[in-house]
Amino acid sequence: MEKLVPSLSICGFVLLFTCLFIEEINGQNWLNGRATFYGVNQDPSTFGGACGYDNPYHAGFGVNTAALSSALFRNGEACGACYTVRCNRKLDRKWCLPHGAVTVTATNFCPPNNHGGWCDAPRQHFDMSMPAFLRIARQGNEGIVPILYRRVSCRRRGGVRFTLKGQANFNMVMISNIGGSGDIKSVWIRGSRTKSWLAMYRNWGVNWQSRIDLRSQTLSFRLTLVDGKTMEFLNVVPSSWKFGQTFASRRQFY
């Protein structure tokens, strides 16, 4: 029996060390930044902004959205990405809510003023919709709070959506309601009379374009997200499609 005591102590020490090690790793996942809010008297459905979402509600994001500083926005590649944000009470106990946290979707760009503003590079800044901001901080005159944030997987209802824009041989597609990493790296399109996949190019935000006339053709898409996951959406748009219509697939990233 006596020989078991040192063994248990060692096991207990190893378990404690492992827990502390895991806690340290998890702690490193949180990054420091700052947050403000915007749109006090605006309808949150108009916060599509620089990402090109016509309406964040219709895109599947609700009111918990944010505009990102240039260091995070990545020239529009970050559009659709999800972040969990919490107020850093260690730095500001007055305005930060205890245990307050919210998951936001990047739908806009917070432009720099190049004069030391909060959205100037290399600052990590979230300009949040007011409903989202009030999930982590008290309403008052402060206006800006220190935060901790990290990337998280996006959870969406239903499938990925494709909204067709453009005219004639200029096709532009707004892609929304994307789960998983949420942010798109590459897009390809294929018509029912096209033999191969054709690369599309980011026009701005989540709007992708091609210069081939695909009218009266059934359309398929192939998406690759920033995290490397690829998925095909075959025949998701019928040949009877018209510009301005939105089509929802049955497939989703997780």
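This section describes the salt bridges and disulfides of the structure shown above.

The model is predicted, so local features were taken only at pLDDT of at least 70 and side-chain atom pairs only at pLDDT 80 or more, whereas totals for chains, interfaces and linings use all residues. Residues are numbered from 1 along each chain as its sequence is written, and side-chain values rest on heavy atoms, with hydrogens and water left out.

Disulfides were assigned to pairs of cysteine sulfur atoms within 2.5 Å. This criterion gives 4 disulfides. With the bonded cysteines of the protein chain numbered in sequence order, the pairing reads 1-2, 3-8, 4-5, 6-7.

Cys51 is joined to Cys79, with the sulfur atoms 2.0 Å apart. The angle about this S-S bond is -85°, and the link of Cys51 and Cys79 is left-handed. Cys51 lies in the loop between strand 1 (31-38) and strand 2 (65-68), and Cys79 in the loop between helix 2 and strand 3, so the pair ties together parts that are 28 residues apart in sequence. Helices (H or I, at least four residues) and strands (E, at least two) are DSSP runs, numbered from the N terminus. Relative accessible area was used to class residues as buried (under 20%), exposed (over 50%) or partly exposed (in between), with a 1.4 Å probe and protein chains only. Cys51 is buried at 0%, and Cys79 is buried at 2%.

A disulfide also connects Cys82 and Cys154, with an S to S distance of 2.1 Å. In contrast to the left-handed link of Cys51 and Cys79, the link of Cys82 and Cys154 is right-handed, with 120° about the S-S bond. Cys82 belongs to strand 3, while Cys154 sits in the loop between strand 6 (145-152) and strand 7 (161-167); the pair therefore ties together parts that are 72 residues apart in sequence. Both cysteines of this pair, Cys82 and Cys154, are buried.

Cys87 and Cys96 form a further disulfide, at 2.0 Å from S to S. The link of Cys87 and Cys96 is left-handed, with -60° about the S-S bond. Cys87 and Cys96 are both buried.

Side chains of opposite charge can pair when their charged atoms come close. A salt bridge was counted where a side-chain nitrogen of Lys or Arg lies within 4 Å of a carboxyl oxygen of Asp or Glu. The count comes to 7 salt bridges.

One of the salt bridges pairs Glu77 with Lys185, at 3.1 Å from N to O. Glu77 lies in the loop between helix 2 (70-73) and strand 3 (82-87) and Lys185 in strand 9 (residues 184-191), so this contact ties together parts that are 108 residues apart in sequence. Glu77 is buried, at 16% relative accessibility, whereas Lys185 is partly exposed at 45%. Both residues belong to a network of salt bridges that links Arg74, Glu77, Arg151, Asp183 and Lys185.

Glu232 and Arg222 also meet in a salt bridge, at 3.7 Å from N to O. This pair links distant parts of the chain, with Glu232 in strand 14 (residues 230-237) and Arg222 in strand 13 (residues 219-225), 10 residues apart. Glu232 is partly exposed at 30% relative accessibility, and Arg222 is partly exposed at 22%.

A salt bridge is likewise found between Arg215 and Asp213, where the closest N and O atoms are 2.8 Å apart. Arg215 has a relative accessible area of 39% and is partly exposed; Asp213 is partly exposed at 35%.
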